[in-house]
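Me: I would like to learn how to read a model like this one, feature by feature. Please give me the general idea each time, then the case at hand.

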Amino acid sequence: VDRNLELIKTGVANSCHGNDISKDAVELRHAAHQAIKKVTSDMEGAFHFNTAIAGVMELINMVYAKEDSLKAGNEASQAVLAHALESAVRLVSPFIPHVAEELWQNLGHDSSLFTASWPEYCEEFLVKDELTIMIQVNGKIRSKVVVPADIDKAMKAALSSEQFAGDMAENKLGHSGLGAGKNSDTQWKELTEIFKLYTSMK
């Protein structure tokens, strides 16, 4: 937090909904809203404090990984970083209230953190535009593709992988997880289900 005080004190954290942001900013924005959703869910009724704290730590780790890139980016990307930091401070406040209050004051807020509202997540920013799919043939990972989250586009992109196409040309597909000796229609149906499973694992 201390390394990024100026971003927040200048008020840049108030606008994290811009579209003109880098890929790193998109990933951090997703992580911030995912953390807010997770901690809120873990705190409401379930009282899963350990996993709630783990969710905040995942966000902080993402901040460490992306902060240099975002600080060098445009104002919209910097806003995402500032929003993530403010959100992290709010999310840890139930667990370390004294530390969170001090951080809140250091961020330039005159009022107490405990008069501020709980952060809210936006469903729009929980959706990933891209997924990474691992293509496995004969028990070995043969290729990795980054594809659109849409299942049809994901399947086409994965099937167009050079490594996957090479394995099919060498008739390795029948010995893969799809099962040997199955006709092409059956294999295609099973392949469809596999990719549906992959794309559901967000």
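Me: Which residues of helix 2 are buried?

Reply: Burial is read from relative accessible area, and under 20% counts as buried. In this predicted model, the buried residues of helix 2 are Ala25, Leu28, Arg29, His30, Ala31, Ala32, His33, Ala35, Ile36, Val39, Thr40 and Asp42.

Me: What do the buried residues of helix 2 pack against?

Reply: For this, look at which elements are in contact with them. The buried residues of helix 2 pack against helix 3, residues 49-71, and against helix 4, residues 75-92.

Me: How do I check the span of helix 2?

Reply: Compare the distance between its end C-alpha atoms with the expected span, which is 1.5 Å times one less than the number of residues. Helix 2 covers residues 23-46, and its 24 residues should span 34 Å. The end C-alpha atoms are 34 Å apart, so the two values agree.

Me: What follows helix 2?

Reply: Here the backbone angle phi is the thing to read. Phe47 comes after helix 2, and its phi is positive, near 55 degrees.

Me: How many salt bridges does a search of the whole structure find?

Reply: The test is a side-chain nitrogen of Lys or Arg within 4 Å of a carboxyl oxygen of Asp or Glu. The search finds three. One of them joins Asp24 and Lys66, with the closest N and O atoms 3.0 Å apart. Asp24 lies in helix 2 and Lys66 in helix 3, so this pair ties together parts that are 42 residues apart in sequence.

Me: Where else does Lys66 take part in a salt bridge?

Reply: A charged side chain can be checked for each of its partners in turn. Lys66 also meets the side chain of Glu27 in a salt bridge, at 2.6 Å from N to O. This pair again links distant parts of the chain, with Glu27 in helix 2 and Lys66 in helix 3, 39 residues apart.

Me: Which residues meet in a salt bridge at 3.4 Å?

Reply: Look at the partners and at their spacing in sequence. The side chains of Lys38 and Asp42 form that salt bridge. Both residues lie in helix 2, four residues apart, which is about one turn of the helix. Salt bridges that share partners join Asp24, Glu27 and Lys66 into one network.

Me: Is Asp42 buried or exposed?

Reply: Again, go to the relative accessible area. Asp42 is buried, at 8%, while Lys38 counts as partly exposed at 31%. Leaving aside neighbours within four places in sequence, Asp42 is in contact with Phe47, His48, Thr51 and Ala52.

Me: Which side chain of opposite charge is nearest to Glu101?

Reply: For a buried charge, look for a partner and then for other contacts. Glu101 is found in helix 5, residues 97-106. Glu101 is buried yet has no salt bridge, and the nearest side chain of opposite charge, Arg90, is 11 Å away. The side chain of Glu101 does make a polar contact of 2.9 Å with the side chain of Gln105. Beyond neighbours within four places in sequence, Glu101 is in contact with Ser112, Leu113 and Phe114.

Me: What is the order of the elements along the protein chain?

Reply: Read the elements from the N terminus on: α-α-α-α-α-β-β-α-α-α. That comes to eight helices and two strands.

Me: What do the totals for the protein chain give?

Reply: Totals describe the chain as a whole. Of its 202 residues, 39% count as buried. The chain exposes about 11,700 Å², and carbon and sulfur atoms supply 52% of that area. Among contacts between residues at least 6 apart in sequence, 59% join residues at least 24 apart.

Technical notes
Residues are numbered from 1 along each chain as its sequence is written. This is a predicted model: local features need pLDDT of at least 70, side-chain atom pairs count only at pLDDT 80 or more; totals for chains, interfaces and linings use all residues. Side-chain values use heavy atoms; hydrogens and water are left out. Buried means under 20% relative accessible area, exposed over 50%, partly exposed in between (1.4 Å probe, protein chains only). Lys and Arg count as positive and Asp and Glu as negative; His and the chain ends are not counted. A polar contact is a pair of N or O atoms within 3.5 Å; within protein, one must be able to donate a hydrogen and the other to accept it, and residues adjacent in sequence count only if both atoms are side-chain atoms. Contact means heavy atoms within 4.5 Å. Accessible areas come from the Shrake-Rupley method with a 1.4 Å probe; for residues, only the protein chains shown count as cover.
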